[in-house]
Amino acid sequence: MLPRDLGSVDFRSYPPQARQLAIENISILRRLPLGLLSSLLAELIEYDFKFPAERTRLSRELASLGALTDAQLSELLKGFFKISLTSQLENLNWVNSPAQFVEQLSAHLWRTGQQDAFSIAAVKYDDHLTATTAAQAPPIPRLGIVIIGRGVASYDGQLFRRLRPYATYFSRVRPENGLRLLLDAIASRAEAHPAAYAHWYIDGGEPENHDSRLTAISWAALAPVRTALLGHIHSEIERPGMGPEKLRSIMARTTPSELGMKTAAGDEVLQRFQLRLLTEGSGTQLFSTSFAQWGAREALRRAQPITLLVRFAPRQRLKPMNELLSAQSGAPETDPLGSLIDADMAAWYTWLDQQRLPGADRSCFLVWFEAQRLALAISPQLPRGTESSSEVGLEKLLAWMT
């Protein structure tokens with residue numbers, strides 16, 4: 001079947017909202033080349049489990065395509081139309097298994113030397129979307145907070161090295177009750193500007209008591225799921241012929257029920273997010289620092305929150321991979337100092353991810369060495385590349401950011 005042959009009945013296995021959106025835009029979908037359509041369907045089939053920001057972006061993308069004349073669409077997508085596909089690819093079930101089709105398509109492009117041409121077409125398409133579907137800046141400045149160094153009493157190295165040119169570095173911060181102050185601050189933002197998935201708290205350890213209006217995920221709360229996933233991975237890699245690409249495909253098809261995940265109060269969107277975080281993230285199943293960093297990255301990329309607090313905790317020490325995947329019971333040996341170094345770099349990446357979102361020129365960012373006197377703040381109200389040795393409380397730093 002080719003895109004022009006699509007009918008409403010072809011989407012009968014899609015979740016309700018995805019099916020409705022596909023049928024409403026079927027005339028647009030029929031006009032697209034299969035190489036692009038498969039990627040679009042891979043997003044659309046997950047529509048019911050996406051965050052509001054993602055749903056808005058997908059709806060705007062379809063509206064942007066629908067506004068083009070046939071001539072304009074042909075010009076925009078001519079690079080995709082030139083991609084040569086085999087009849088074997090075209091006969092795959094790309095409607096109901098678009099993600100698997102995209103994997104096969106990628107292999108085909110590399111095998112036939114068409115990857116560069118496809119990439120050029122994709123860049124042209126992305127440029128068009130950027131120009132026609134730009135998201136609006138949030139109603140208040142975006143705030144990111146990263147807490148690092150839990151369990152480390154002191155550190156002689158230089159922290160925040162990459163962030164310092166963009167920030168004010170504070171060396172005499174009053175740390176008393178700091179974590180509570182920060183959690184209360186993001187709770188106040190959630191109360192003043194309520195919106196679904198707009199205010200996040202991600203903890204790489206055991207979470208602190210927090211406001212129920214926050215979207216919260218934690219390493220500790222997902223312990224049973226991680227154990228089940230590691231057991232699943234361990235059993236799969238022992239199969240003959242198993243390689244990294246095949247394992248990745250299997251992980252992508254893993255369902256919440258396979259890992260014993262229960263839908264929490266109807267929040268299947270957050271449940272699917274956590275599943276993706278563990279099955280698609282690099283090291284998120286094994287190391288709490290990777291979990292926290294990828295959690296922040298994916299939350300910013302997908303949900304585009306206006307408030308994000310990420311707290312890092314000590315990860316387990318490195319061991320041979322077979323031991324890490326064995327999911328043995330018992331408390332693992334932790335590496336607080338190595339985790340501090342990991343989290344320091346993760347703070348840099350988190351800020352970069354935040355800067356990619358609308359309203360970056362107004363956004364604010366705070367990094368604090370937990371329970372210590374060192375912090376770094378980025379705000380339009382603060383000078384860049386400077387240091388302050390004046391004593392200051394975290395509440396004062398927050399006042400410069402809200």
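Author: Start with helix α10. Its buried residues are G178, L179, L182, L183, A185, I186, A187, R189 and A190. This is a predicted model.

The helix covers residues 178-192, which makes 15 residues. From first C-alpha to last, α10 reaches 21 Å. That is close to the 21 Å expected at 1.5 Å a residue. Now think about direction. An α-helix has 3.6 residues a turn, so residues three or four places apart point the same way. Look at the buried set with that in mind: L179, L182, L183 and I186 are among its members.

What do these buried residues pack against? Four strands are involved: β1 (143-148), β4 (199-203), β6 (307-311) and β7 (364-369). Helix α17 (394-399) is a partner too.

Next, the two ends of α10.

N177 sits in the loop between β3 (173-174) and α10. Its phi is near 60 degrees, a positive value in a residue other than glycine. Most residues other than glycine have a negative phi. N177 is exposed, because its relative accessible area is 53% and exposed means over 50%.

Y197 belongs to the loop between α10 and β4. Its phi is also positive, about 60 degrees, and Y197 is not a glycine. Is Y197 buried or exposed? Its relative accessibility is 16%, so Y197 counts as buried. The cut-off for buried is under 20%.

Now take β6, one of the strands that α10 packs against. This strand is mostly covered, with five of its five residues buried. T307, L309 and R311 point one way. L308 and V310 point the other way. Both groups are buried.

β6 has strand partners. It pairs with β1 in the parallel sense, over five bridges. There, L143 stands opposite T307. β6 also runs parallel to β4, and five bridges join them. Here W200 stands opposite L308. Recall that β1 and β4 are also packing partners of α10.

Among the contacts of F273 is W200. F273 lies in helix α13 (residues 268-280). At 1% relative accessibility, F273 counts as buried. Leaving aside neighbours within four places in sequence, F273 also touches F51, I217, G295, E298, A299 and R302. P332 is another matter: F273 and P332 are 59 residues apart in sequence and 26 Å apart in space, C-alpha to C-alpha.

How many cavities of 30 Å³ or more does a search of the whole structure find? The search finds one. The largest cavity has a volume of about 30 Å³. Its lining is G149, R150, T289, F312, A313, P314, P336, S339 and L340. Helix α16 (residues 336-355) gives the largest share of that lining, three residues. By type, the lining divides into five nonpolar, three polar and one charged.

How values were computed:
Residues are numbered from 1 along each chain as its sequence is written. This is a predicted model: local features need pLDDT of at least 70, side-chain atom pairs count only at pLDDT 80 or more; totals for chains, interfaces and linings use all residues. Side-chain values use heavy atoms; hydrogens and water are left out. The expected span of a helix is 1.5 Å times one less than its number of residues. Buried means under 20% relative accessible area, exposed over 50%, partly exposed in between (1.4 Å probe, protein chains only). Contact means heavy atoms within 4.5 Å. On a 1 Å grid over the protein atoms alone, a cavity is a set of points where a 1.4 Å probe fits but cannot get out, and a pocket is an open set with protein on both sides within 12 Å along at least five of seven lines; lining residues have an atom within 4 Å of a point. Grid points are joined across faces, edges and corners, and a volume is the space filled by probe spheres set on the points. Ala, Val, Leu, Ile, Met, Phe, Trp, Tyr, Cys and Pro count as nonpolar, Asp, Glu, Lys and Arg as charged, and the others, Gly among them, as polar. Two strands pair if DSSP finds at least two bridges between them.
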